[in-house]
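Visitor: I have a model on screen and want to read its features. Can you take me through some of them?

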Amino acid sequence: MDRTFRFTLPPPEPAAGSFTTGTLGARVAARLRQQIHNDGLAGGTRLPSEQAMASHFGVSRTVLREAIALLQADGILVTRKGSGTFVCAQDGAKTGERGDALTEQSVQSLLNLIEVRQGLEAEIAALAAVRRTPGQLADIEHALHRIEEAVAAGVDGVEEDVRLHLSIAEATGNPYWPKFVAMFADPIRSAVKVTRANEARRTDFSIEVRREHEKIVQAIADGDPQRARQAAMEHMQHAAERVRLADREFWRGDGGALARTLGRDPIMQK
């Protein structure tokens, strides 16, 4: 029988900033983890609905989902489709404690990089929509098709994905934009490996990514900078959301291993 969960700890103070990174989500996760520990909640205890918890903590459902994802990765919570979110059995929680800090750091690094890419990719796409030449547009469209071919062939499409974003940067006509992208090429490549590995596990995620790429390319082809900027921004926002929705098994397996390579990158450690 499910035990009743009652809030006993106040919400954390909100973090500043319009883009939700892992900071506030991690603080919400810490409060939930503390209550689970302090109250000795048994495995199988059902948490309130996402809406109820988001309202209590004074955060968006996106931030709340990030907090839940962090606790899932630590083996403290489990989400059952159609049933809700539950506290894991104690053995799962204890196992999660050992990888707690490393998992949280890896997810945080990934979300931090996605935040940086949001502004970067949005501006690049807008400039490309205004300045791209017919030849550069052809390169962008070819790069998009290469991703589809890679996925159809069962390849992860990481290099093709990176190439698409680099070709858009080259279409700005400003050589510093592709140089800036190239400077972050290794961490971006590591981040794309994580996001694409996660997206490959769910058909709906893969479809979303393809449509987001198509919207960016179509806006550039139409010469519409505002639409291109919005499409690129939404692509990064959705990428962050897909990371937050990744389950514990993903972070304990390939996802965690790939994310940790991002944390070891010299640029991310400075």
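Visitor: How many contacts does the model have for residues 266-270, beyond four places in sequence?

Guide: pLDDT is the predictor's confidence in each residue, from 0 to 100. Over residues 266-270 it stays under 50. The model has 9 contacts (heavy atoms within 4.5 Å) for them beyond four places in sequence. This is a predicted model: local features need pLDDT of at least 70, side-chain atom pairs count only at 80 or more, and totals for chains, interfaces and linings use all residues. Residues are numbered from 1 along each chain as its sequence is written, and side-chain values use heavy atoms, without hydrogens or water.

Visitor: Where is confidence lowest and highest in the protein chain?

Guide: Lowest in helix α4 (residues 90-98), at a mean of 45; highest in α6, at 94. Helices are DSSP runs of H or I, at least four residues, numbered from the N terminus. For residues 91-100, pLDDT is below 50, and the stretch has 14 contacts beyond near neighbours in sequence. The chain's mean pLDDT is 79, with 76% of residues at 70 or more.

Visitor: Why is α3 called largely enclosed?

Guide: Buried means under 20% relative accessible area, with a 1.4 Å probe and protein chains only. In α3, 10 of the 13 residues are buried, so the rest of the structure largely encloses this helix. Among them are Val63, Leu64, Glu66 and Gln72. Just after α3, Gly75 has a positive phi of about 75 degrees.

Visitor: How far apart are the end C-alpha atoms of α3?

Guide: The expected span is 1.5 Å times one less than the number of residues. For the 13 residues of α3 (residues 61-73) that gives 18 Å, and the end C-alpha atoms are 18 Å apart, which agrees.

Methods:
Helix = DSSP H or I, 4+ residues; strand = E, 2+ residues; numbered from the N terminus. Buried < 20%, exposed > 50% of the residue type's maximum accessible area, 1.4 Å probe, protein only.
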